[in-house]
Amino acid sequence: MSATFDRPSPPPRSATRATSPRPGSGFRPDVEGLRALAVVAVLLYHAGVPWASGGYVGVDVFLVISGFLITRMLLRELEDTGTIAVGTFYARRIRRLLPSAVTVLLVVAALSAVLMPSVERLKVARDVIASGFYVVNWRLATQAVDYFEVGLSGSPVQHFWSLAVEEQFYLVWPALLLGAAWLVLRRGRGRRAADSTRARSTRLRPALVAALGAVTVLSFAYGVYATLERPDVAYFSTLVRGWELGVGGLVALLLARAPSGEDRALPRPALGLAAVLGWAGVAAIVWAVLALNDTTAFPGVAALAPVLGSAAVIVAGAISTSVGPMGLLSRSGTRYVGRISYSLYLWHWPLLVFAGLAFGTLNVWAGLAVVLFSAVPAIACFHWVEEPFRRGRVFPPTPKPSYLLGGASTVTAACAGLLVLALTPVAQTAPMKDVTGQPELKQGHDIQRVAHAVRPNPADAGEDRSRMYDDGCLVPKAKDRSPDCVYGDPSSDTTVVLFGDSHAMQWFPALDRVAKQRHWRLVGLTKSGCPAADATVYLSSTRGAYTNCDSWRDATLDRITEQEKPDLVVIGGLATYRTAGPQGGQMSAEASHQKLVAGYERTVERLRESGARVELVHDTPRPGDVRECVAQHLKKLKECAAPVEKATGYDPIMPQVAAGRQGVQVIDPTPELCRDDECPAVIGNALVYRNSNHLTATFVQTMTPWLERQLPQHLGDHRASSSASS
């Protein structure tokens with residue numbers, strides 16, 4: 001993990017019972033209690049509690065606390081001695097953080113080997129290795145993982161991303177402090193030694209504020225930009241999150257040598273100011289927990305609320321820890337939750353993931369039960385692992401043994417991941433020259449029953465999407481505008497638009513090839529979980545209307561009809577969306593179907609009025625997740641085929657929309673994916689599905705000749721004749 005949950009050593013046990021710390025200790029009981037507020041927010045969010053839809057901001061609170069505590073500690077050392085014992089600093093971090101972290105990673109590796117299918121096991125093993133080296137945030141960022149999308153289907157060590165962010169930041173922060181100090185103090189040589197500490201403090205703080213302030217402002221500005229452009233990547237980025245740690249560091253610099261809320265006679269106005277500031281800070285954090293959700297563009301401007309709220313509480317506690325919310329945060333029960341927050345954070349998420357794997361989708365009460373149960377291993381880990389190592393009861397509290405401990409912890413985590421990789425059977429990846437794909441099903445051959453290798457490999461199929469996805473042209477939930485996303489022949493006068501959700505985007509590999517062959521300009525306009533139908537869909541993750549989808553669709557339709565003015569619009573989409581009712585609740589399946597049909601009709605009519613031809617792609621079969629079956633049964637692929645009735649057991653939408661409408665055609669891929677009442681998982685050595693309901697980009701690419709036959713040949717002529725007739 002990281003310094004998110006780090007804290008200065010508390011005063012002796014007898015002193016911790018008091019509301020305020022003993023004078024001079026520097027211990028902040030209210031900050032320990034603030035950690036409790038942060039971890040509870042995260043736990044409620046991960047448990048699926050509806051009203052805690054923004055509970056993920058608890059991580060942002062932790063980052064501010066971490067920046068404050070570590071900067072305060074380093075600043076005091078720097079002002080007192082003129083330097084920082086970097087070796088001792090990292091030794092403390094190692095003893096505090098790594099033993100508990102590697103314990104959780106070992107448990108995750110063991111449970112994944114026993115409970116997870118091989119395909120997911122391989123991914124988790126790699127995540128464990130990345131977590132052991134504190135780079136898992138970059139692994140998630142490069143995979144463009146949508147933190148809000150994956151839910152409990154995510155990696156059981158996905159939460160290590162925040163720990164990686166902090167450790168990377170603290171590789172830089174001590175060096176930045178030392179560099180600024182060196183530049184300032186070298187000018188003060190020759191001053192009297194008796195004045196060195198005070199003079200050093202006076203000269204250092206403005207320079208450090210300027211240095212950290214510059215880093216904070218630059219990180220925030222980049223974070224706002226990155227969140228708007230690629231929120232799935234920005235969420236995990238150290239460069240984006242650095243400003244939150246920086247805000248905590250700036251608070252530490254501004255409060256340097258403050259009495260830290262110690263018992264003393266304070267005027268009533270000062271106590272009133274502390275109470276108002278403290279309550280305002282708590283209100284900002286609570287507002288973020290209640291008001292933000294999975295569709296919020298985060299961590300851009302929206303992160304200001306929890307970050308500045310946390311800073312306000314810390315500043316208020318420097319005045320007094322006994323008034324306003326600081327008194328509540330300083331109570332022994334609250335502080336104990338804050339004290340074990342590191343262990344709670346480490347343990348709760350893996351248990352939720354494995355519980356979901358064992359019992360299926362968890363409702364709110366089941367999620368809360370798992371979160372409460374996670375306190376058992378968390379408390380045990382705190383008392384039997386975290387504290388003994390941290391206080392030097394197991395390893396001597398000196399740098400060299402601590403470094404040995406750190407090296408051993410990292411190697412142990414890496415070996416655990418490598419062992420899982422070594423013990424997991426892996427299917428062979430077929431070279432592209434051996435992949436024939438969809439045409440194989442139409443050449444009179446039997447459905448493929450045996451394969452020596454397939455492409456993509458089942459273990460990597462989830463990432464087998466397309467260039468369009470990699471370019472950010474499947475707009476995530478938090479965004480409501482598409483980038484340019486121009487492909488094919490960009491200079492062509494003939495424009496084709498691919499419009500819809502991820503079920504539309506999956507046709508891009510074939511459509512892009514057709515566009516290049518026919519010299520069409522192809523524009524890809526798709527958004528995650530958002531159909532082209534003019535109907536508000538229900539978003540299960542927020543338990544409400546998907547309003548960002550409506551905003552994106554309106555803006556996209558304006559772009560299509562007024563800016564792109566295409567000759568052809570190809571629309572695809574999931575057929576089983578649930579729509580939102582007038583009050584935002586979920587409508588029935590039948591009512592949702594009717595609303596989607598009507599919504600598609602309105603969309604198609606608007607596109608037809610612009611003169612564009614419309615092709616509606618019927619939704620693909622959904623056989624379930626076949627990856628594990630294929631990985632285990634390459635010699636018995638028939639076991640992985642799904643009956644057509646099961647795979648297509650949903651009410652079709654596109655034929656109803658197209659019925660009786662001139663210039664609107666339906667493309668049905670089902671006959672190209674199924675034969676003899678079966679929908680095979682592998683065709684021509686190509687793995688057909690990358691998950692339960694999306695085709696792999698590799699397989700779609702082999703469907704290019706088929707798709708080319710479905711599309712009109714002379715689009716320019718069609719628009720001209722359409723305009724003339726109107």
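**Entry 1: ground rules**

I count a residue as buried when its relative accessible area is under 20%. Cys 485 comes out at 6%, so I have it down as buried. One thing to keep in mind throughout: this is a predicted model.

**Entry 2: disulfides**

I searched the whole structure and got 4 disulfides. How are the bonded cysteines paired when I number them in sequence order? The pattern is 1-2, 3-4, 5-6, 7-8.

I looked up Cys 473 and Cys 485 next, and a disulfide joins them, with 2.0 Å from S to S. Cys 473 sits in the loop between helix H19 (467–470) and strand S1 (474–475), while Cys 485 sits in the loop between S1 and strand S2 (486–488), so this pair ties together parts that are 12 residues apart in sequence. The torsion about their S-S bond is about -100°, so I wrote this disulfide down as left-handed.

Then I moved on to Cys 629 and Cys 640, which form a disulfide with their sulfur atoms 2.1 Å apart. Cys 629 is in helix H24 (residues 627–632) and Cys 640 is in the loop between H24 and strand S9 (642–643), so the link ties together parts that are 11 residues apart in sequence. I read about -90° for the torsion about the S-S bond, so the disulfide of Cys 629 and Cys 640 is left-handed. Both cysteines are buried.

Cys 674 and Cys 679 are joined by a disulfide as well, at 1.9 Å from S to S. I got 95° about the S-S bond here, and the link is right-handed. Cys 674 and Cys 679 are both buried.

Cys 381 has 5% relative accessibility and counts as buried. Cys 415 has 43%, and I put it down as partly exposed.

**Entry 3: helix H12 and its partners**

I started with helix H11 (residues 268–291) and helix H12 (residues 304–319), whose axes come within 7 Å and cross at roughly 155°. Do they run roughly parallel or roughly antiparallel? Angles over 145 degrees count as roughly antiparallel, and H11 and H12 are therefore roughly antiparallel to each other. Their crossing is left-handed. On the H11 side, the contact residues include Leu 273, Gly 278, Gly 281 and Trp 287; on the H12 side, they include Pro 306, Gly 309, Val 313 and Ile 319. Sorted by class, this contact has 16 nonpolar, 4 polar and no charged residues.

H10 makes the contact through Trp 243, Glu 244, Val 247 and Val 251, and H12 through Leu 304, Val 307, Ala 311, Ile 314 and Val 315. I sorted the residues into 8 nonpolar, no polar and 1 charged.

**Entry 4: Tyr 546**

Where is Tyr 546? I found it in the loop between strand S6 (544–545) and helix H22 (547–564). Tyr 546 has 0% relative accessibility, so I call it buried. Leaving out residues up to four places away in sequence, I listed what Tyr 546 touches: Thr 295, Lys 477, Lys 527, Ser 528, Gly 529, Cys 530, Thr 536, Val 537 and Leu 539. I also looked up Ala 535, which is 11 residues from Tyr 546 along the chain; their C-alpha atoms are separated by 9.9 Å.

My reason for looking: most residues other than glycine have a negative phi, and most peptide bonds are trans.

Phe 298 and Pro 299 are joined by a cis peptide bond, with omega about 15°. Pro 299 is in the loop between H11 and H12. I noted another cis peptide bond between Arg 455 and Pro 456, with omega about -5°. Pro 456 is in the loop between helix H18 (399–423) and H19.

For phi, I wrote down His 519, which is not a glycine and yet has a positive value of about 60°. His 519 lies in the loop between helix H21 (508–518) and strand S4 (521–527). Its relative accessible area is 51%, so His 519 is exposed. Asn 685 also has a positive phi, near 65°, and lies in the loop between strand S12 (682–683) and strand S13 (686–687).

Note on methods. Residues are numbered from 1 along each chain as its sequence is written. This is a predicted model: local features need pLDDT of at least 70, side-chain atom pairs count only at pLDDT 80 or more; totals for chains, interfaces and linings use all residues. Side-chain values use heavy atoms; hydrogens and water are left out. A disulfide is a pair of cysteine sulfur atoms within 2.5 Å. Helices (H or I, at least four residues) and strands (E, at least two) are DSSP runs, numbered from the N terminus. Buried means under 20% relative accessible area, exposed over 50%, partly exposed in between (1.4 Å probe, protein chains only). Axes are lines fitted to C-alpha atoms, for helices over the stretch in contact, and angles run from 0 to 180 degrees between N-to-C directions. Angles under 35 degrees count as roughly parallel, over 145 as roughly antiparallel, 65 to 115 as roughly perpendicular and the rest as oblique. A crossing is left-handed if the near helix is turned anticlockwise from the far one by less than a right angle, and right-handed if clockwise. Contact means heavy atoms within 4.5 Å. Ala, Val, Leu, Ile, Met, Phe, Trp, Tyr, Cys and Pro count as nonpolar, Asp, Glu, Lys and Arg as charged, and the others, Gly among them, as polar.
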